[in-house]
Amino acid sequence: METRKPIQLISGYRSLATNNMLCESGLGVAKHSCHTKGKGQAMDFYIEGHRAE
């Protein structure tokens, strides 16, 4: 994929409390998300005009 669009970071590290809140909200957040592990194990990002496959 080649693009000149900016990469928008949506989510990186989040606390267990935040992850639990998001998980309970029904937004498709994993109960044991790598976002809560720290050390850069997960991030969500968005690039305008591109969809995840």
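The structure is a predicted model, in which local features need pLDDT of at least 70 and side-chain atom pairs count only at pLDDT 80 or more, while totals for chains, interfaces and linings use all residues. Residues are numbered from 1 along each chain as its sequence is written, and side-chain values use heavy atoms, with hydrogens and water left out. The protein has one helix and two strands, arranged along the sequence in the pattern β-α-β; helices (H or I, at least four residues) and strands (E, at least two) are DSSP runs numbered from the N terminus.

**Overall shape and contacts**

- The radius of gyration of the protein is 13 Å, whereas a compact globule of 53 residues would have a value near 10 Å; the radius is taken over C-alpha atoms, and the globule rule is 2.2 Å times the number of residues to the power 0.38.
- The C-alpha trace spans about 35 × 25 × 15 Å along its principal axes.
- Of the contacts with a separation of 6 or more, 55% are between residues 24 or more positions apart, where contact means heavy atoms within 4.5 Å.

**Burial and surface**

- Buried residues make up 17% of the 53 residues, with buried meaning under 20% relative accessible area, exposed over 50%, and partly exposed in between (1.4 Å probe, protein chains only).
- The protein exposes about 4700 Å², of which carbon and sulfur atoms supply 53%; these areas come from the Shrake-Rupley method with a 1.4 Å probe.

**The charged pair**

- Side chains of opposite charge can pair when their charged atoms come close.
- The count comes to one salt bridge, defined as a side-chain nitrogen of Lys or Arg within 4 Å of a carboxyl oxygen of Asp or Glu.
- Lysine 5 forms a salt bridge with glutamate 48, and their closest N and O atoms are 3.7 Å apart.
- Because lysine 5 lies in the segment before β1 (7-11) and glutamate 48 in the segment after β2 (44-47), the pair ties together parts that are 43 residues apart in sequence.
- Lysine 5 is partly exposed at 39% relative accessible area, and glutamate 48 is also partly exposed, at 43%.

**Alanine 42**

- Alanine 42 lies in the loop between α1 (16-24) and β2, and its relative accessibility of 23% makes it partly exposed.
- Not counting residues up to four places away in sequence, alanine 42 touches Ser11, Gly12, Cys34 and His35.
- Between alanine 42 and serine 25 there are 17 residues of sequence separation and 20 Å in space, C-alpha to C-alpha.
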